[in-house]
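Have the sequence and the 3D view open as you read.

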Amino acid sequence: MAERWTPADIPDLSGRTAIVTGANKNLGFHTALELARHGADVTLACRRRERGERALTELRRRAPDASVRLGLLDLADLSSVERFAKEYAAEHTGLDILINNAGVLGIPRLLTADGHEMQFGVNYLGHFALTGRLLPLLKARPGARVVSLGTWIVKMMGRIDLDDLQSERAYDKFNAYNQAKLANLVFTRELARRYAGHGPAGVAAHPGFAASDLQYTGPRMEGSRFQEAFFKIPTRLFAKPTAAGAWPSLYAACAPGVEPGGCYAPTGLGEIWGPIGRVRTPAKIADPGLGPRLWDISERLAGVSYEAPVPETKEG
Ligand SMILES: NC(=O)c1ccc[n+]([C@@H]2O[C@H](COP(=O)([O-])OP(=O)(O)OC[C@H]3O[C@@H](n4cnc5c(N)ncnc54)[C@H](OP(=O)(O)O)[C@@H]3O)[C@@H](O)[C@H]2O)c1
């Protein structure tokens, strides 16, 4: 455990490339900002051009020497994931850091462009597809890391049901989120297992509880002012500042000694606050057969084969 690890401990990242999904605001923005401040060439992968451009302007204001660009990526549309990866591959020879940060929580049952349940599609499947499509670039950079976001709540709530990954039998907006986040943890472990020694290290991270828009998205979609006001209470009382919420992702991406397959998060009570270190993943996903089974289903649903031939890349 790094007792007092902060982004000041991030090494020089000059010459490294990074992608952060959902980088237009909050945790994703601060993750991208710190990577760029430390010299990485960072792509903000955002679903709306105007929001992404606003974030680029703000990031350049805070870090004038930053090498940053915008890439359009809608994780709720697998054709957008494919297009983003192709465009990225056309301009880069490798990828050192992929932060699968974007997420949605507690929304009404909606479907992605490909007909997948939205929370499963955005939090998990879109990122599974993105990682697979970027795999040749990740393999081109020794020591590359893929950081996927979990959450502290899955220790207490939620389960993964491979027969109902998209909550078709009964939809509960929080269970759907927890299942997608558990899938990210299983994916991370399986990625680490499959590519040990010859590919990117899968690492998971979660922020504890940080101020952001995450818990307001659902109430806003439902037009529930009461729920929105209700969620402000725990945020005011317990949430850490937004910037600090990015630290576990940054630690997982940059700190030395990070173990593939591990999850990095605040190590204090309930994993909400405290110094960042490795935390245990929930016992409910301990079954080693879960990873390979989830992987097969995901390849089929995402239409992505991780062993597809390496696409040609240009010098960049
Ligand atoms: N904040 C916490 O306490 C907390 C706790 C546990 C885990 N997490 C995880 O941390 C990550 C960051 O969350 P946050 O707290 O910063 O939430 P947030 O403020 O709601 O930001 C979510 C980000 O995801 C993007 N996004 C949503 N749907 C997308 C899609 N279809 N395609 C591409 N991007 C999409 C959003 O873009 P738009 O602005 O366009 O909507 C936004 O940039 C999430 O994975 C979340 O589950 C956060």
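Arginine 49 is partly exposed, with a relative accessible area of 47%. In this predicted model, arginine 49 pairs with glutamate 53 in a salt bridge whose closest N and O atoms are 3.8 Å apart. Glutamate 53 is partly exposed too, at 38% relative accessible area. Both residues belong to helix α2 (residues 49-62), where they sit four residues apart, about one turn of the helix. As a reminder, an α-helix has 3.6 residues a turn, so residues three or four places apart point the same way.

How many salt bridges does the structure hold? There are 20 of them. Side chains of opposite charge can pair when their charged atoms come close.

| Pair | N to O distance | Relative accessible area of each partner |
|---|---|---|
| Arginine 49 and glutamate 53 | 3.8 Å | Arginine 49, 47%; glutamate 53, 38% |
| Aspartate 161 and arginine 169 | 3.3 Å | Aspartate 161, 15%; arginine 169, 60% |
| Glutamate 222 and lysine 173 | 3.2 Å | Glutamate 222, 36%; lysine 173, 18% |

In the second pair, aspartate 161 is buried at 15% relative accessible area, whereas arginine 169 counts as exposed at 60%. The side chains of these two residues meet at 3.3 Å, N to O.

The third pair is worth a look in the 3D view. The side chains of glutamate 222 and lysine 173 meet in a salt bridge at 3.2 Å, N to O. Glutamate 222 lies in helix α6 (residues 214-222) and lysine 173 in helix α5, so this pair ties together parts that are 49 residues apart in sequence. Salt bridges that share partners also join Lys25, Asp213, Arg220, Glu228 and Lys232 into one network. Glutamate 222 counts as partly exposed, at 36% relative accessibility, while lysine 173 is buried, at 18%.

Setting aside neighbours within four places in sequence, leucine 95 is in contact with Thr17, Ala18, Ile19, Tyr88, Leu134, Leu137, Leu138, Arg141 and Ala144.

Helix α9 (residues 247-254) is mostly covered, with seven of its eight residues buried. Beyond residues up to four places away in sequence, serine 249 touches Thr31, Ile99, Val147, Leu149 and Ala205. Serine 249 and histidine 206 are 43 residues apart in sequence, yet their C-alpha atoms are 7.0 Å apart in space.

Histidine 30 is found in helix α1 and counts as buried at 16% relative accessibility. Helix α1 (residues 26-37) also holds asparagine 26, which has a positive phi of about 50° although it is not a glycine. Asparagine 26 is partly exposed, at 21% relative accessible area.

Glutamate 271, another non-glycine residue, has a positive phi near 60°. Glutamate 271 lies in the loop between β7 and β8 and counts as buried, at 12% relative accessibility. Tryptophan 273 is found in the loop between β7 (263-266) and β8 (276-279), and it counts as partly exposed at 45% relative accessibility.

Trp273 takes part in a nonpolar patch on the surface with Phe226, Phe230, Ile233, Leu237 and Phe238, with about 720 Å² of accessible area together.

Finally, a word on confidence. The chain averages a pLDDT of 94, and 96% of the residues score at least 70. Confidence is highest in strand β1 (residues 17-21), at a mean of 99, and lowest in helix α7 (residues 225-238), at 85.

Note on methods
Residues numbered from 1 in each chain as written. Predicted model: local features only at pLDDT ≥ 70, side-chain atom pairs only at ≥ 80, totals over all residues. Heavy atoms only, no water. Patch = residues over 30% accessible without salt bridge, like charges linked within 9 Å, V, L, I, M, F, W, Y side chains within 5 Å. Areas by Shrake-Rupley, 256 points an atom, 1.4 Å probe, with all protein chains shown as cover. Salt bridge = Lys/Arg side-chain N within 4 Å of Asp/Glu carboxyl O. Helix = DSSP H or I, 4+ residues; strand = E, 2+ residues; numbered from the N terminus. Buried < 20%, exposed > 50% of the residue type's maximum accessible area, 1.4 Å probe, protein only. pLDDT = per-residue confidence, 0-100. Contact = heavy atoms within 4.5 Å.
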